[in-house]
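Here is a short note for your review.

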Amino acid sequence: MHPLVTTILNELYRMYTMTSNEPFRLIIIELCLTLPTRLSVLLPHLPLLMKLVVPALQSNEGDLVNLGLRTLEFWVDNLHPDFLFPIFAQQSSTLCELMLALTHHLQPAPYPYGLLCLRLIGKLGGKN
């Protein structure tokens, strides 16, 4: 699987950018974020995956929002800030969209992702 990760991610992202069919785009995002591989194999592809986490958080699909939040939290928990924050910095528009998507989910208790989002923003701020 390791040698195929680059090809799989690049082709899925190419299909994502080529289609305007929203359900198909959401499926592609889910496939990219659930690729069964170690984090160490995904490290070179984090800038590409970051571009897919943002639309996952912007979607109205509950499972996809949860997947995006959990994926981002996993990266923040397991990657050193000296590695993660330069990836954020080189994609300033993506970082801006990410923060807007996260703040959109900051809603009170009946909303299922408010607490998770608040915890994630806290982790991001604490590692800065």
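1. Terms and basis. Buried means under 20% relative accessible area, exposed means over 50%, and partly exposed is in between (1.4 Å probe, protein chains only). The model is predicted: local features need pLDDT of at least 70, side-chain atom pairs count only at pLDDT 80 or more, and totals for chains, interfaces and linings use all residues. Residues are numbered from 1 along each chain as its sequence is written, and side-chain values use heavy atoms, with hydrogens and water left out.

2. Helix 1. Helices are DSSP runs (H or I, at least four residues), numbered from the N terminus. Helix 1 covers residues 4–18, 15 residues in all. From first C-alpha to last it reaches 21 Å, close to the expected 21 Å. That expected span is 1.5 Å times one less than the number of residues.

3. Its buried face. Val 5, Leu 9, Leu 12 and Tyr 16 are the buried residues of helix 1. Viewed down the helix axis, they fall within an arc of 70°, so they line one face. The arc is taken from the directions from the axis to the C-beta atoms. Their cover includes helix 2 (22–33), helix 3 (39–42) and helix 4 (46–58). Contact here is heavy atoms within 4.5 Å.

4. Cysteines. A disulfide is called when two cysteine sulfur atoms lie within 2.5 Å. The count is zero. For Cys 96, the closest cysteine sulfur is in Cys 117, 15 Å away and too far for a bond. Cys 96 is partly exposed at 45%, while Cys 32 is buried at 2%.

5. The criterion is a side-chain nitrogen of Lys or Arg within 4 Å of a carboxyl oxygen of Asp or Glu. The whole structure has five. One of them joins Arg 14 to Glu 11, with the closest N and O atoms 3.0 Å apart. The two are three residues apart in helix 1, about one helical turn. Arg 14 is partly exposed at 42%, and so is Glu 11 at 38%.

6. The network. Which residues are linked in a network of salt bridges? They are Arg 70, Glu 73, Asp 77, Arg 119 and Lys 123. Arg 70 and Glu 73 meet at 3.7 Å, N to O. Both sit in helix 5 (residues 62–78), about one helical turn apart. Arg 70 is partly exposed at 44%, whereas Glu 73 is buried at 8%.

7. The link between helices. Lys 123 bridges to Asp 77 at 3.0 Å. Lys 123 lies in helix 8 (residues 114–126) and Asp 77 in helix 5, so the pair ties together parts 46 residues apart in sequence. Lys 123 is partly exposed at 23%. Asp 77 is partly exposed at 40%.
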